[in-house]
Amino acid sequence: MASAGHHPAPAGVGSRLLELMRPEAGVPQDSRVVPHGSHLHSKSGVSESNNETSWREESDSMGVVRVPANKYWGAQTQRSLQNFKIGGEKMPMEMLRALAIVKHAAATVNEQLGKLAPELAEPIRVAAREVIEGKLDDHFPLVVWQTGSGTQTNMNVNEVISNRAIELCGGVIGSKSPVHPNDHCNMSQSSNDTFPTAMSVATAYEVQEGLIPSLRLLRDELEIKSREWETIVKIGRTHLMDAVPITLGQEFSGYAQQMRNSLLRAKASMVHLTELAIGGTAVGTGLNSHPEYADRMSSEISKLTGLPFVPAPNKFESLAAHDAQMALSGMLKTMALSLLKISNDIRMLGSGPRAGLGELSLPANEPGSSIMPGKVNPTQCEAMMMVCSQVIGNDAGVALGGAAGSHFELNVAKPLIAFNNLQSIKLLSEASVSFAENCVKGIVPNLERIDELMRSSLMLVTALNQHIGYDAAAKIAKKAHAERITLKEAGVGLNLLTAAQFDEWVRPERMVSPDGQPPGANPGAALALASSSRM
C-alpha cells in the first residue's frame, strides 16, 4: 500500500496519449457539470438565443440589417457584431469617450465654418456629451478585434450619436433624418483620422490625469522612506552576493530616482501624443474638409479636454504610422521594468520572516495561505510584478502592430495599439497607487537583522584595501570564511594588523560615502534630494 504522498507509477506516456485520443478519453460523460460543446466562460444551462424583445430595421450601403430596437447603434455596428465574434475584449471606454469628444468638437467647428446647420450641430453635441458622461455606455458593444482602422467603432459612435440626436429632435430612430451618421456626425472626417485622433486624446488624457499623479505618489512615498532611513547602515549586495555597506536610505533613493525618471518619461511622451491627426481625412490630404478645419479642431478639442493639443505637423505620418504610440509603449515598458526591479527588491528584502533576508517587514494586509496558519506574503509586490509582465507583453503587441500594421498610407492595427497602451497606462497607474499605499507606506526596517547581516559580512574587508593592500585583505576574507571566524580574528591571526587597527579602519558607517563621513553628517544632502524631486 502506497504511503501518503506516494502513488503508483503512472501509465506510460504512449498509453496515456492513446487514451486521450479516444472521443471521450475513457471518462464517463453522464456526470459532467458543463454541457458538451460549451465553454467555461459560457453560462451553463442558459440559452444562448438573443433575448431582445423587438427589432427595427436599419440600412447601410450593403442593405438592410435587423438591429435591437432598444439600442442606438445601427447597421454597421450590427454587422460588426455578427462578423467579429472574437475574444470578448471590448473597445476601451476611454476610446469611445475620446471619439465622442472628437464628434462634439467637429459639430462645433463645422457649424463655425458654415458647413453644418446650427439646428443639427446642437443635438449632435448634446448626444456626444451624453456619451462622454457615460450615459450611453450600453450602446457600444464592439470588440477590439475588428477592422484595423477602427472604422466600425467610429461608425458605432456615429450611429449612436445620430440616433440619439434624432430622438432629441423628435424624429424616428434609424431614419437617418434629420441627423445622418455619415453626412453629419462624420462630416469633414474619416475613420482614418478620427480614430488616431481619439487614440491621441485618450492616451494623452490618461497619462496626464492618471499615470503622472500615480507615479508622483509612489515617488513621494519612496523619498519619505529614503530620508527616514538615511542613517541605517546595511550590507549592499551585487550579483546576489554580499558587497560593501550602503544605507537603507541610499538604497531607497535609487528607487525614488527611478520614479523621478519615470515621471520625466511620462511627461516627455506628451510632446507627440498631443499632435492630432484630425484634418487628414482618408489618406492625409484633407479631402472633404476645410483649410481651417485642422487648426480649429485642435483648438476645440483643447477646450474640451484642458490639454494643449496641436495639429500634427504632417498628416501623412500621423495616419500611416503611430510612432507617438510606439514611443509611449516603450516608455511604459521602461516604467514597468523600473517598477519590476523595485517590487522584486522589496519582496526579497522582506523575505522570511525567519529563514530569509528579513531586513524589511512588509505590511500584513491579508492571510497568505489557505493551509499554513499565520503565513503572510508580499502580495503587493507580486501584483506589481504581474502588472509589469503584462505591460512588457503589451509593448510587444504594440511593436508588432506598428511594424506589421503600417503599410503605405494607413496603419491597420489601431485598435490593438490603443487597447494595449490604454491597458498599460491603467495597470501602471492603479498598481503604483496600490503599491505606494498598501506596501511602501507601511514598510518597517528590522534594525537588529540589518545590523546582524551587515556585521557578519566578509566584504567589510574592503575597507582594508587602502591600508594593507588588496591581496592581504583577500587572505583575511578567505581565512575568515573557511574557518568561520570574524574578519578581526582572521587578520590578527595572520599578523596583518592589530585588533586596534581593525577597529579603527573597519567602520561600516564610514564606508557609505567617498569622504568617509557617517550618514547624516551632511544635512544638506537630504534637503537637496527633496528639492530636486519637485515636478
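Predicted model: local features only at pLDDT ≥ 70, side-chain atom pairs only at ≥ 80, totals over all residues.
## Domains

Residues are numbered from 1 along each chain as its sequence is written, and side-chain values use heavy atoms, with hydrogens and water left out.

## The annotated region

An unreviewed UniProt entry places "domain: Fumarate lyase N-terminal" at residues 65-393. Such annotations may be inferred rather than shown by experiment. Over residues 65-393 the chain is 57% helix and 7% strand. Helices (H or I, at least four residues) and strands (E, at least two) are DSSP runs, numbered from the N terminus. The end C-alpha atoms of this stretch lie 38 Å apart.

## A helix pair

Two packed helices are described by the angle between their axes and the distance between the axes. The axes of α2 (residues 75-83) and α5 (residues 151-168) come within 8 Å. They cross at roughly 140 degrees, on a scale from 0 to 180 degrees between N-to-C directions, with axes fitted to C-alpha atoms over the stretch in contact.

## Cysteines

How many disulfides does a search of the whole structure find? It finds zero, a disulfide being a pair of cysteine sulfur atoms within 2.5 Å. For C185, the nearest cysteine sulfur belongs to C169, 10 Å away. The sulfur of C381 is 4.3 Å from the closest one, in C439, which is too far for a bond.
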